[in-house]
Number of protein chains: 4
Amino acid sequence: MQFFSDNWAGAAPEVMASLAAEARRYGTAYGDSALDREIEQRFSKIFEREVAVFFVGTGSAANGLAMAAVNRPGGVIFCHRDSHMIEGECGGVEFLTGGARLLGIAGAHAKIDSALLEAALAPFDPPSVHGGQPMAISITQQNEAGGIYGIAEITKIAAVAKRRGLPLHMDGARFANALVRLEVTPAEMTWKAGVDILSFGATKNGCIAAEALVFFDPPKAADAAFLRKRAGHLFSKSRFVAAQFKAYFEDDLWLRLARDANAMADRLRSGLSKVGNVREAWPTQGNEIFVVLRRADADRLRKAGATFDDWARPADLAVAPDETLIRLVAAFSTRPEDVDAFFVELKR
Amino acid sequence: MQFFSDNWAGAAPEVMASLAAEARRYGTAYGDSALDREIEQRFSKIFEREVAVFFVGTGSAANGLAMAAVNRPGGVIFCHRDSHMIEGECGGVEFLTGGARLLGIAGAHAKIDSALLEAALAPFDPPSVHGGQPMAISITQQNEAGGIYGIAEITKIAAVAKRRGLPLHMDGARFANALVRLEVTPAEMTWKAGVDILSFGATKNGCIAAEALVFFDPPKAADAAFLRKRAGHLFSKSRFVAAQFKAYFEDDLWLRLARDANAMADRLRSGLSKVGNVREAWPTQGNEIFVVLRRADADRLRKAGATFDDWARPADLAVAPDETLIRLVAAFSTRPEDVDAFFVELKR
Amino acid sequence: MQFFSDNWAGAAPEVMASLAAEARRYGTAYGDSALDREIEQRFSKIFEREVAVFFVGTGSAANGLAMAAVNRPGGVIFCHRDSHMIEGECGGVEFLTGGARLLGIAGAHAKIDSALLEAALAPFDPPSVHGGQPMAISITQQNEAGGIYGIAEITKIAAVAKRRGLPLHMDGARFANALVRLEVTPAEMTWKAGVDILSFGATKNGCIAAEALVFFDPPKAADAAFLRKRAGHLFSKSRFVAAQFKAYFEDDLWLRLARDANAMADRLRSGLSKVGNVREAWPTQGNEIFVVLRRADADRLRKAGATFDDWARPADLAVAPDETLIRLVAAFSTRPEDVDAFFVELKR
Amino acid sequence: MQFFSDNWAGAAPEVMASLAAEARRYGTAYGDSALDREIEQRFSKIFEREVAVFFVGTGSAANGLAMAAVNRPGGVIFCHRDSHMIEGECGGVEFLTGGARLLGIAGAHAKIDSALLEAALAPFDPPSVHGGQPMAISITQQNEAGGIYGIAEITKIAAVAKRRGLPLHMDGARFANALVRLEVTPAEMTWKAGVDILSFGATKNGCIAAEALVFFDPPKAADAAFLRKRAGHLFSKSRFVAAQFKAYFEDDLWLRLARDANAMADRLRSGLSKVGNVREAWPTQGNEIFVVLRRADADRLRKAGATFDDWARPADLAVAPDETLIRLVAAFSTRPEDVDAFFVELKR
């Protein structure tokens, strides 16, 4: 009954086997091994165009370096006000950019409302040395509230970005979960919809530490290798990140793992809809579910060994005093019996 | 015949087994798992005092965050002019400190000459707003030129540091190799000799990515957790770094691996001393050897599959036009037959 | 009819005379002249306690260096969402702190609502490495909307700051205007009410470029001299800033100039209350007035040579389509005839 | 007998008169006044091409912002090891660039030796993520040791810069003193010789605080306005910097002031050559003279009211134990009788 977060999960056996195999070999350090190169090319194949790829160990590193790569003095980044960049990285973007500003935009389900985005951009047109200058727009797919942007929604935000000459960044911490739900290709969910830079996350979906910063226009990545290195994010044994990706992509393991997680979330959704005194706080599609339930039930579940995270109540959500809002996350490793045990305990 | 660098080596089977075991479990994220705590305590036990420990993935991260933790505006860090911080981190210390300065000190075998250190510190006494203020001294053990500071040498530099009220940092990228050669305890080679902060490296000695930033005076580490997080260096699945250390310390694996590497370096030293047209450039003690040999020999060795790094000739080293200076590094995984094959080829 | 801003005004003759006198002398550079010291002591006398003072040339420098002096990694600064730090410094605070975050608090008349401040602080108690840590609270006196905090209001916010262990900073760009209106002493409006650090502005009130960063607890200023110098804010001929302050304080010139400006603002207020089709947008007390008037009137006034700034309409202010919101600022140099000419034109 | 530094001098009466006149007027703030524009154009005229100009208050600001404008991650700046950027700005360049590195090059008379420059650049060709990447070359004219680069010398260094694709920056803290000595035009001493960016200093030569950052290729200055603002270096009453330059350029005042200072230095040189027990430490041409004299003489001069600075003895300069090395600087305001009084006292 482990539903706290997908980063509480372990790693897929295939990923571990790939690491073990790599451990028995020598290889060039600092990202220059044959395996590093092979996986970089694999990314280009997956995204159906030549991309520039930089392996890192955390999503915060990928996000922060992405912003550093498009940095401008007095730069302002437009992202959702509940985004991980704002809420969960201890000012990492500000730090890695030397002080760019994150401007939080509202929008339902933690998705940027494009009208509000336009309104937020308006005062910066033209930019002034007093208020600063827009430097990027960032969206999260799948996001913190379980929301998934449809292709049309991404395209709409990308259109705003293009009009303003701004790069569009996607924080893809749960990229795979969104991808398999939308049933589109990686290309369709990114550059074909107008995304310029992607933080491609694999850690939450079965790896131990494997993230990739992907530039769809390689010349824009000219500085990224220097930025990564000087921030301490170039692994000497970089090929062990590559080795994780190798297994991750092999036979579409990544899509399978994401589908498994989403399926377990669906099982949760379906089951919860049949339980009294429990309701979904808002509809979600991927592997994260937000549920309002009675405190007493939550307490009992925890006592029984279930783990899940408390979530801050949005202003517009009605939660009774004896109720609480929680998040349930299904991971690649969640089994049907974990879900069913949760229901048994909940209904007790 | 892989002698390019110990970071070209793979990882120890015990480390991989520990990772594999951890992959099958759930665990709290962001460094708060039971395993993280257990290994932190293990560090305290190894160092015979309560220490504050922060796991990171690269030595550059450990070094840069160490300096950030003792940062002062206009700060100047005194380290050897051939140190990794200066030569190999792309300005990482400068970046992570927001612009501290590295002041390179000379000294034989890449070890800081304490008289030159005193001389370099003199103009900063008292500090002025024009020249800046000293903020730290950093030494590397075992260092870039294969040098190992004796305990007395560390103590002497520590005395300078104390007199100036400066923290003494040790870049321990090859900590274990030095430790087993000196036949002292971790405590003796660090805080008992006056070291305040340690970058404890395990990656080069049989892990895939496991480094620890260790503060011997835990209150001094108050900011380190925030610094690590905002630099993107807090792994969500931090327990996989802990898992590497678990195996690394179990049954003194780390000391065994370092002794193995050093023994293979000794086998190289011993063998080389018997070969004509080859000489050690300077004496070393750990797992790195610097050798002057004929270019023709170096080329032939490489053709036969040997790997090793070219090294920049120091100004005071005589190298004939038909000779070249190379570095040979023995890793934990180097086997006697690798060394012997190298000699066979060299003597051909 | 110059009402655009008090920084469009020139400088007081007394200030210029002091500069001219200083120009004929030699003096030690970089803040070490007898005059620098004399004026530093003058600040201590004015504030009735020993203070640490650092002269700079802009309010942005004072604000940014104040925040840099209390910097913490992952630091969050709580200030009004309409504050100059957020709206008008191009991310200067973020830059000078290496990426601290400004968190905008709402509140009427651009004054922080202390209840909202408490609410904003709550999620950071205790601080976490994900969300960052509070590092300062900053208020502006007199602020961007013409608002002036009463002593009780400052005390209330200071109480919040103390409870959280946070320094309270006052951006005193228009310090004198607020001071003479409240009819209190400099000490009463600052440290006696709980203010720890002050950006003391004189430029807007009759100087050409004279600002002072004042620490009421001098040991807290240990790093400030280094921060100022390395940000390029230590003037070689620093004594010319001191010379401005010399005249500024002599015979209470500063209070006289501020009273003159406020009196002219009062004359504007009084006159405007008697004109139809014009209304104060919200009540103000100092030298800034916010007025809703007909666009046609505004246009005609401008054609006649009047200058004033358009102001962004707050969400809760009713402004008809044919109306506009403007700001009128009276400076030390505003004359009654300027005000009267404005009315003549307005009533035309 | 004030020879400590030209920044101990006051300001020229013409400059003060211009300030006083400006004080009586209103003007647009933040660099947008008619006067700001007029002086910007004046710079273009003086340099015989369209330039982008940014007024600031200190030379350190100009230098640091110049480097920030050409910043690259892992960037290395090549300048003389005795340059002001390295020796006298408290790490200002490092701070304003977020951690670029200054690499000190040797060379006689504090002028970069172009062969040593080439040698220092060699290891960065090609740049690597380990060592960083070259980002600029900076020379000082007239420099810290009183040295003046001849046009051919500048051209030679510029050729190195061009070959490496690096911008050439000139720190012109004492630009005028060098200019009138070389008897060339501002254009000849800068862009015609290959200089790309200039820190144009006027403070030392008769202003109170007037420096200009000049880009000879205006498109390269795209970010400079934002960089200046967010570093706190945009004066609200910017026109008071412009007013200083107005007088400075009027009727070639600046050239006259520099010639006066140089002439007084020549009077010192000439007189010193006739005094026993005194010798020039090395030949200089501008307004700075470096002299070895007996300590007893130096002490007596100081007691008599003379001011001058002690200078650090270069390794290759013979100075007897009872001797000392001092710097004498003539300012625009130095009078013949000051010089003569110095000699009277010296010969006593």
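Here is the tour, from a whole chain down to single residues.

**Before you click.** This is a predicted model, so local features here need pLDDT of at least 70 and side-chain atom pairs count only at pLDDT 80 or more, while totals for chains, interfaces and linings use all residues. Residues are numbered from 1 along each chain as its sequence is written, and chains are lettered from A and ligands numbered from 1 in the order in which they are written.

**Stop 1: chain A.** Select chain A and colour it by secondary structure: there are 14 helices and 11 strands. Both are DSSP runs numbered from the N terminus, with helices being H or I of at least four residues and strands being E of at least two.

Buried means 20 or more other C-beta atoms within 10 Å of a residue's own, exposed means 12 or fewer, and partly exposed is in between, with C-beta atoms placed from the backbone.

**Stop 2: a cis bond.** Zoom in on A:D125 and A:P126, where the peptide bond is cis, with omega near 0°. A:P126 sits in the loop between α6 (114-121) and β4 (133-140) of chain A. Now jump to chain B: a cis peptide bond joins B:D125 and B:P126.

**Stop 3: where B meets C.** Show chains B and C together. The contact takes 13 residues from each of chain B and chain C; two residues are in contact if their C-beta atoms, placed from the backbone, lie within 7 Å. On the chain B side, helix α10 (residues 224-230) gives the largest share, 5 residues.

**Stop 4: B:E48.** Select B:E48, in the loop between α2 (34-46) and β1 (52-56) of chain B. Phi is positive here, about 60°, although B:E48 is not a glycine.

**Stop 5: chain D.** Is helix α3 (residues 59-69) of chain D mostly covered or uncovered? Mostly covered: 11 of its 11 residues are buried. Last, pick D:N277, in the loop between α12 (253-272) and β8 (278-280) of chain D. Phi of D:N277 is near 60°, a positive value in a residue other than glycine.
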